[in-house]
Amino acid sequence: MVVGVYLGIADYAGEFGLCVQILFCIYVLWTNYNIINHIQQQTSEPGTECKFGDSANVLRSNIEQIYGDFPSKDGCPLAEGEITDIADGTMFIGLQRYQQQYGSPYKLCFGPKSFLVVSDPVQAKHILRDANTLYDKGLLAEILEPIMGKGLIPADPETWTVRRRAIVPAFHKAWLNHMVGLFGYCNEALITNLNTAAAKNDAPSGQSGGKIEMEEKFCSVALDIIGLSVFNYEFGSVTNESPVIKAVYSALLEAEHRSMTPAPYWDLPFANELVPRLRKFNGDLQILDEVLTDLIDRAKNSRQVEDIEELENRDYANVKDPSLLRFLVDMRGADIDNKQLRDDLMTMLIAGHETTAAVLTWALFELTKHPDKMAKVQAEIDQVCGDRTPTYDDVKDMKYLRLVVAETLRLYPEPPLLIRRCRTENVIPKGGGREATSIRGMDFFISLYNLHHDERFWPEPNEFIPERWETKYVNPDVPEWAGYDPDKWINTMLYPNEIASDFAYLPFGGGARKCVGDEFATLEATVTLAMVLRRFEFEFDSSKLAETNVDIMDHPQDLDHAVGMRTGATIHTRKGLHMIIKKREVA
């Protein structure tokens, strides 16, 4: 049965070919051989990294539940359904369907792997904050280790503690203030590019302006921003293409691919030599490693050691290299090991680039669907900053635009899932679902998409309503959830965080391992949207709408939708965001 499941997946994702199907068979046979021989192996100590015996113990409990009618050790029902429900590129939609049927948490099995899927804010708070020391990144770390090494996202708890202490000070107020100007600089190339597209006047009949695919443009400007802000490197991807840029996208695609692949075939003997995509990926990764190593060496060779207070008081307007790398290298007592810096930088490159590009794409999609909200946003931009590059204070003043960014992240969380693994057995509270036992070695999906689209926490959850963030909401039917309170953020922060929503809204995660770049990303998205929407008008390309019977106003989860959705590390469009762009007439 397990072999059939994995070959079915390999067939479904036909890009792998026969050699990978063979590798899947070898992997499954090898896995089951080890399970048979080691199922009685003693598990490792609670609180330490999980070993094979811990995974085998979870597998044994699943087999007993599924085939032996034993009671579930974790107390969760097993989700049943067609594999295509979660294998068509919209896994988070499949998880939502199961949540509506089984509640939270429920169990999902892929061959020998299983996950408890959490879709409740009380339970999410327990895992991410209250009992966070009992969990690690588990499967996510295994998937990303070849790409990000021990960077901040996949790092084990011990490494994470050290690296977070080094990295967090780099995102200080003076640096963020300077970065807002850098965002404006990077967007100038985008504005020039969009002007050229608008002037083409190649729109379909009945429309005026030029054709453009905006998802690709947002990806390019986000990459340029990360390059300059993190390593002081000019990618110039809005206007150019190079082997380095291609290598970046290869790493992004591979990270997405691995996040969606049930079995790590890349760990099998000879896989990296036999599988063409792995050979290409390893070559691209070598290109990136050489670039990062060169940048690290340059920064170290010009190192100027200072205390954190001195670094924070630098005059960034007159600093030749204001990058995050410069801060990490110059900080007194910093770990300047090339491998650790490389892992940190690669993590920021991938995590910081793709997520912001996705937010920008979906924000433009929703605003184009809602002309009244677009008009409100543009009026605010006109009033606050007009044609000049926005400042940090301007971003704070563009409140409605920030609400648009927040609402976009609610509808399209980036990423839609968080992954954890239990290190020490504990009890997950009932919340609005069921109480469950978290078994050591069990992997978890915390479904942000489910949390953000649950009508118990967000009335009209599928509607784009930026104004919702100004109104308090509580639900007496879920007494353990404190509700959403705008007073906890609206006058003091850039966006509504997990505290304001009591973990029903997790745009940047929550708890100790929350994203350190939350303010950076919010500022970047706000500045980019302000500069683009001030200068241009958008409408959907009618020639693309004519290719489908699905209304553009319908949810993009439909596979035939003109924009569509697919997921990897983040939620992308399936078909691109094809728009007609024209210059905006401003009085």
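Modeller: A definition to start with: helix axes are lines fitted to C-alpha atoms over the stretch in contact, and angles run from 0 to 180 degrees between N-to-C directions. Helices (H or I, at least four residues) and strands (E, at least two) are DSSP runs, numbered from the N terminus.

Biologist: Thanks! What kind of model is this?

Modeller: This is a predicted model, where local features need pLDDT of at least 70 and side-chain atom pairs count only at pLDDT 80 or more, while totals for chains, interfaces and linings use all residues. Residues are numbered from 1 along each chain as its sequence is written, and side-chain values use heavy atoms, leaving out hydrogens and water.

Biologist: What pLDDT does the chain average?

Modeller: The average pLDDT, the predictor's confidence in each residue from 0 to 100, is 88 for the chain, and 90% of the residues score at least 70.

Biologist: And which stretches have a pLDDT under or below 50?

Modeller: Residues 1–17 have a pLDDT below 50, with 30 contacts in the model beyond near neighbours in sequence. Residues 33–37 also stay under 50, and there the model has 4 contacts beyond four places in sequence. Contact here means heavy atoms within 4.5 Å.

Biologist: Good to know. How many helices and strands are there?

Modeller: The chain has 21 helices and 12 strands. Of its 587 residues, 58% are buried, where buried means under 20% relative accessible area, exposed over 50%, and partly exposed in between (1.4 Å probe, protein chains only). Among contacts with a separation of 6 or more, 70% join residues 24 or more positions apart.

Biologist: Let's look at α15. At what angle do α15 and α18 cross?

Modeller: The axes of α15 and α18 (residues 399–411) cross at roughly 100° and come within 9 Å. The two helices are therefore roughly perpendicular; angles under 35 degrees count as roughly parallel, over 145 as roughly antiparallel, 65 to 115 as roughly perpendicular and the rest as oblique.

Biologist: Which residues make the contact there?

Modeller: From α15 come V359, W362, A363, E366 and L367, and from α18 come V404, V405, T408, L409 and L411. By class, that contact has 8 nonpolar, 1 polar and 1 charged residues. Ala, Val, Leu, Ile, Met, Phe, Trp, Tyr, Cys and Pro count as nonpolar, Asp, Glu, Lys and Arg as charged, and the others, Gly among them, as polar.

Biologist: How about α15 with α20? At what angle do they pack?

Modeller: Helix α15 (residues 338–369) packs with α20 (residues 518–535) at about 45°, with their axes 10 Å apart, so α15 and α20 are oblique to each other. On the α15 side the contact includes G352, T356 and L360, and on the α20 side A521, E524 and A525 are among the residues. This contact divides into 8 nonpolar, 3 polar and 1 charged.

Biologist: What does G352 touch?

Modeller: G352, which sits in helix α15, touches I226, T347 and E524, not counting residues up to four places away in sequence. The C-alpha atoms of G352 and L223 are separated by 8.4 Å, although these residues are 129 apart along the chain.

Biologist: And at what angle does α12 pack with α15?

Modeller: Helix α12 (residues 276–301) packs with α15 at about 115°, with the axes 10 Å apart. Among the α12 residues that meet α15 are L285, L288 and D289. That contact has 7 nonpolar, 2 polar and 4 charged residues.

Biologist: Switching topic: how many residues of α6 are buried?

Modeller: In helix α6 (residues 139–148), 7 of the 10 residues are buried, so α6 is largely enclosed by the rest of the structure. Those buried are L139, L140, A141, I143, L144, I147 and M148. Next comes G149, with a positive phi near 60°.

Biologist: Where are the cis peptide bonds you can show me?

Modeller: One joins S104 and P105, with omega about -10°, and P105 is in the loop between α4 (91–102) and β1 (106–110). Another runs from E414 to P415, with omega near 5°; P415 is in the loop between α18 and β5 (417–422). For background, most peptide bonds are trans, and most residues other than glycine have a negative phi.

Biologist: Nice. Is N201 buried or exposed?

Modeller: N201 is exposed, with a relative accessible area of 58%. Its phi is positive, near 50°, and N201 lies in the loop between α8 (173–199) and β4 (210–213). E460 has a positive phi of about 50° too, though not a glycine, and E460 is exposed at 53% relative accessible area.
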